[in-house]
Structures are given as structure tokens and as C-alpha cells.
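Here are some notes for a first look at this model. Please keep the sequence and the structure open while reading.

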Amino acid sequence: MPSKGKKKLRRSKATIKNKAKQAAGATLGSSTNSLHQTEAGPVVADASAPFYNANDHVAVGDAITVGTPISSATPATPRNAPGLSTNLDDVDVTDYLLKRGYNRTEEIFRKENMNLGPDGRPQHKSTEEMGFKKYSKAFRLLKKFVDGNLDYYKHELKKFLWPIFIHCYLELVEGGWPNEAKTFLAEFKDTFGTAHGDDLKLLSTITLSAHVKENEMTKMYKSEKYHIPVTRQVNDLVLGYMTKEFDNGGHTIIALLAQYCNVKYVDRGLADPHSFLAIFHNQPNARIEDADVMEGIQGVYTGAKGNAAPDVQLRLGPLPMEPELVEDVRSELEEEDRLHPPTEGRSTLLDEFDNKIKREESAEGPARADLPLPPARARDVMNEVEKIKQHRDRFRIEGRTGGVGAAVSICMYTFHNTLGSYTCMEFSKDLKLVAAGTMDSYIRIWSMDGKPLKSALENGNQSVTNNRTLIGHSGTVYGLAFSDAVSWPDSEGNSKPQAPQLLLSSSFDGTIRLWSLDTWSCLCVYKSHDGPVWDVQWGPHGHYFASIGWDKTARIWSQDHASPLRICVGHDTSLSALAWHPNGTYIITASDETDKSIRMWSVITGDCVRVMTGHHHFINTIECAPNGKIIASGDLDGNIFWWDLEKGVCIKKSKGHGKGGILSLSFSVESTVLVSGGVDGTVRVWDVELPADGSKPVGGAAGPTVQAENIHVNIGDSIGPADRTITVGGQPQAQPTSAAASSTGAANASGTSGGGGGGSKKKGKEVHITPDQISAFPTKKTPVKKVQFTRMNLVIAAGVYEPER
């Protein structure tokens, strides 16, 4: 071949390479370059074809093999040839765009080609993607994603289900597919039967597009955006998964969320009291999700029913007494009234008893046969008589206190030289004994009046010590519970317990032990929990007791059975608190770590009847009011949540304790006052009926409303009725003589320790106090581990002195 011909061929090869590279970087969507092939002749190039070389006769989409001579007679492949996609892959456009950093261009290019067929023409989507089937497919995808996710995220992920469900249904109805909408409703309605029963009944009547436009509820759903309060992490999980499953229904979910929903991120911590959010909502003690984010659509669904699951009717009234026991108690009370007539102004014991029976009959309580109990004995009659006496003679706290009463008295017991080993404390119901569990696996019991604790097994050589040690556990003792006891005079006039006294203890070793306080020995060991047993509590009628453990279960026992009668499973993490309902047919449990829910269980069936969520910190303690209608729970952040058992919702939140948490709660006999003991070394008294947000005047007098943000506490001060501030552990602030005198005079009613004394005030962390706090009783350096209202409405408390605090 002549040298001139070789040079021309080299130039043709180089041109081919350059044009191929240009083709990879150019916008290939425009197909204006027309390469026309005639039936009989060679390729003729349009003048507008930018990638055509007259010498090479090569089109953009042609397969190019470098090194092979290209004849001018070789026909070029048309732009719409079937091999277009393969040829584009050979050029490797996407790789080129990514290497050059054109990520957005590559993404658009890829999405455009997704809808192109092998012939380069747009593909028509199937009815499953464009028609009515896409809604069932999309919701099924979302539900599968939620059900199969981690329990840690499920509570928040479930908030996406209802708005997507209802809008899928409404889209089917508006699209003219009533039969498909009916099928969709029938397939998925069981998912929402508990919280949206009424809404589902209404949806079943909406079958035409005109119904959607006329119904008030559906108009709200179509015109207003549904608020979904979740954390950013959960929202990213949903969007990430739906993007991944874009062609399998994810695009429908994303479209519905964008059009009809408003996802708002929530902060799990307390709102900053000085932030714009807190000031705007005027709720410095409220959490962000409560103040700013309300799930659902206002006026249609606010998410409040989400806590009232499952929807089971409760019987919260007292358990009726046995008819035979009622007659025996009435006879004894008549005799007692005859021998000891009441003073003027006091009701007779028989009247008190009859009123109690009337209250039991009027309230909707469980049947006597629902809870099998041993038959009543003679000592049970005398116990009931003594309880009626104490109920009549108690210190009464009636009605609203208005935030300025009640003048309750507190008797504080402080334990010294414990070396930090005491883990739990408990008082006996007759106030004769106090017990403490230790990290060294033993239990220490003292007589509260200082008298020797004798044993029924010792003859003649009785011990003169006022305390006993119970040894048997092989791990830290976490829970203690005395059996119900009432002391009444014997034949010699001495007040002594007239029934065998028992003590339950739970331990890290996974066992529960039953101790006799007559012989100071272990009677029985109960084994069933898999791991540590955190707490154990006797039922209000005795015979039954409940325990909670690390194995995420609560177990209900009978003292005459070695194995549990009921195992309550439902919490996602280890349990942390336990309480009995006063009628003995329900228990309430709380879990720690990530769950932080409160559940109510039926003792009769073992089923969960209520689930209450709202805490964002470790729940330390739960207490049920004697009227059986509300419970209070305290957490590690010093918050007290008040719950309505019938509705299963939080009715208010109280704040006053400092950091470290609330360790114990107790209600007064009338259920109108609550006392709490905390790590901050204070015993605080709360008004049950006064709202926590200060929406009503404090003290019952007309005047400016006390707002929560104006009441605060510096840890280190003492509380006074004027400024309602308290500082624990520091020196009281100096005040004028007149102010000091008035403070001293009001100390009994308000729980203040008064204060003169100069010196600078010790600075502490500011803590807000809600207006429903009545008073606070500070200790020096003693975290309060136990508080308890007696049957006479006296408050007894106990704690361990910690000088290093």
C-alpha cells in the first residue's frame, strides 16, 4: 500500500477514537443527527450530524473496532437499531459521567433510560404500576417493612401506616374503583381496629368520589396535611427503603407522603425552657413532641388514642367482700360501738362500714368469684374491724387543696454507716418493722419501736437485739415486700400483730424467697425467672404476689404454688417497676432502656389490657391510687406522669425533683395527695387534682394564674410559700426578719425549714416546679429511697445518709 494511503488510514482511526469519546460525553437524548441509508446506496450524512465523518462513515451508535479498515461501502447502523442499548454500554457513558463527576447528569440519564425499551421507544407501564393495583402493592410493602423492622423503631414506624392506608383508600374511591377499594379495606382494616374502629366504619360508607368531597372527615384528610412526628433516623429508614423498592411500590408511598403528609422531626429530650419553642408554646416543662408536634390532623385524629391499646373494658371498682365476712364484721362493729360509743361529731364504726359497702356496690368492680381467695378466718374479721377504726380516725385530706394545703406530717428514718450497700427499703403495714436489702445478699430487719425481735423457736434464752439478719440469697437483694398486717390489742391490752407475718424478697440470683418473721427463717424458694428479679410485691388481699425481672416478663404467683400462675409477656426490654391495682385483679409494670412503656395486665387472664407510652427516661417507680382510677409514675429525670387507667392516656406531668430521679411514690387514703421521694434528698407533696400547667388559680382565690415558667427551684435553697423555690443541700438565702418570721410560722403547712442565717447562697442547677406541687421537705444529704402513706395518712420516709453528696 502506498505511504499516502497508510497516512490516510491512520487519520481515519484517530478520528474514530476521538468521535467515540465525544459521543460518550455528549447528550445522547437528542437524536437530530440523521443518518439515512438508502436501499441501494451508501450512507448519506445530514449536514447537521455532529458526529459524522465523511471519510469514516461511522455513526454514534455503531460498534467500533479500532484497527479494522473501514470501507466506504460499509453501511452504518441506523439510530433506532435494536442493538442501541448494547452499543451504548460499549461506549460506557455512565462510567464516563461518573469519572468526570457528573453525578446528577448520570442519575437523570439512568432514569430516562429506565423507561425505554430495547428499541429505544418509551415503554408503557402495566396496570399494576399505573392502575388500582399499585395502592395495595404499596401499602403491603410498607406494612411488611414495619412489621419486619426492629422493635426499637416499630412504635414510630407504625405512625406511617394510618395516613398511607386512608389515602390509598381515598385514591381508589376517587379513581373510580369502588370494588377494589372495598377489597383493600377488607384486607387491611384489622391493622387499625383498636385505635380507628369508628373511622373504619365511616370509611366503609364512602364508595363514590362525591362521598369524598362531601364527608367532613375525608375533606379534612384531603385538604390538611397529616402530621407524623418521628425522629430523623426513622424518617430516613422509611425513605431509604422506599427508594430502594422504588419499582415495587416505593414510588407510590413517597408520592403520598409528599402530597398528603408532613413529617416533623422530634427531639426525645426535654425542650430547652429558654428556647423559642418553649416560649412560643408557654410550656417550659413540656417536651417538644407534646408542645409542637401533634400526630394526625387536628379535629380528626390527634394520636391520643394510640396509648389506649388494646381497647378492653376495665373493672376498676373494689373487689366485694364475702357475704359471710360482711355479716361477721358488722356484728363485731355493732359490739364495738356499744362498748365504746364514738365522740360527738364522729360517725359510728358501723356507719363507716356501711358506707364502704355501698361504695363497693355502686362502683363497677370485678365479681367476687373472679379472684379465688382462701376462705376468711376469725383473724380476718378482727383485721377488718381495725381497718375500719383507722379509716374513721385518720387525718382527712378531702377535696381540692388548691396547691396550698395539705399540712401532712412526715416521719423520716435515716440509715447511717451503710457504706452504700443498701439497695431497697420497706416498711411493714402495721409500722412495727422496717427492712433493708443489701448488695451483700442479706436482709436486715429492725423493730421501729426499739423492742427486741423474738423468735417463736427460742425458748427461755430470747434475743435482746432489736434487729435480725436473714441470710439465704446468693446475690444482691433488689426487692422486699411485707405481707398485710394489722396490729390490734390482745387480751393484755398490748398492740401485737395477730396474724403470721411474712416477707418476700427478690434477688440478683433469680430467686424469690418467702420468709417467716415469727421464726426468722426461709419457708420457700420460688424459681422461674431467667435472670435477676428486680422487684416483688404482695397483692392487696394477700395470697397472691407478683414479680418482675430482667427476662422482660412479669409473673403472678400464689404462695402455695411453686411455679407462677401467669406469665405476662409483652415488654421489649427488662422491667423496672411494679404495682398492684387496689382490687387485686390487675398489675401495672414498666420497662426500662428503649421500651419505656407502662403496661397493665389482667391477673385473671394474664392478658395486657392497657399500654401507656410517654416517658423518655428510665422509669423508677409506679404507684396506683387507692380509688383505682389513676396511676403515677416517676422517672430518672425527676418527672411524674399521671395516667388515666380507663382511657389509657397521660393526664398531666409534674416536675420539681432535681436530676437523679424519683425513687418512691405513695398516694393518700383519699387519692387526693401524692408524696414522692427522690435522689435530690427531698420529699415532695403534690396535689392530684390541680392541673400541672397552672391553668387554674393556686389557692382557690381569684387573681393572676400561676404559670409554670415562673416557678423554679435552685438546688440548694429552701422552699417558701411566697416564691415557691427550693434549694436542697445548700445554705438558705438570707431574708429580712419579718420574712423569716412569716416563713417560720408557715413551716408546718408548707414543709419549709425556714431560714435566717447569713452567708452567700450556694449556687445550684435551676429546676422548674409545676404549680401542682404543694410543699417540699428537704433533707441534708439523704436520698429518699422510700415514702409511704399509712392508713392514718401519716407519711413515713427512709433514706441512706451519704456525706459525700
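In what order do the four strands of the open sheet lie, and is their pairing parallel or antiparallel?

1. The model is predicted. The order in the open sheet is 20-21-22-23, and the pairing is antiparallel. Strand 20 (575–580) and strand 23 (608–613) form the edges, each pairing on one side only. From one strand to the next, the twist averages 20°.

2. Look next at strand 21 (residues 586–591) and strand 22 (residues 597–602). Five bridges join them in the antiparallel sense. A590 has I598 in strand 22 as its bridge partner.

3. Residues 501–519 are 63% strand and 0% helix, with end C-alpha atoms 10 Å apart. Residues 662–689 are 64% strand and 0% helix, and here the end C-alpha atoms lie 20 Å apart.

4. Now S547. This residue sits in strand 17 (residues 544–549). Is S547 buried or exposed? S547 is buried, because its relative accessible area is 0%, and buried means under 20%.

5. What surrounds S547? Leaving aside residues up to four places away in sequence, S547 touches I512, H529, V533, D535, V536, T553, A554, R555, W557 and L578. With H529, S547 also makes a side-chain polar contact of 2.7 Å. S506 is 41 residues from S547 in sequence, yet their C-alpha atoms are 8.0 Å apart in space.

How values were computed:
Residues numbered from 1 in each chain as written. Predicted model: local features only at pLDDT ≥ 70, side-chain atom pairs only at ≥ 80, totals over all residues. Heavy atoms only, no water. Helix = DSSP H or I, 4+ residues; strand = E, 2+ residues; numbered from the N terminus. Pairing = 2+ DSSP bridges. Axes fitted to C-alpha atoms, helices over the stretch in contact; angles between N-to-C directions. Buried < 20%, exposed > 50% of the residue type's maximum accessible area, 1.4 Å probe, protein only. Contact = heavy atoms within 4.5 Å. Polar contact = N/O pair within 3.5 Å; in protein donor to acceptor, adjacent residues only side chain to side chain.
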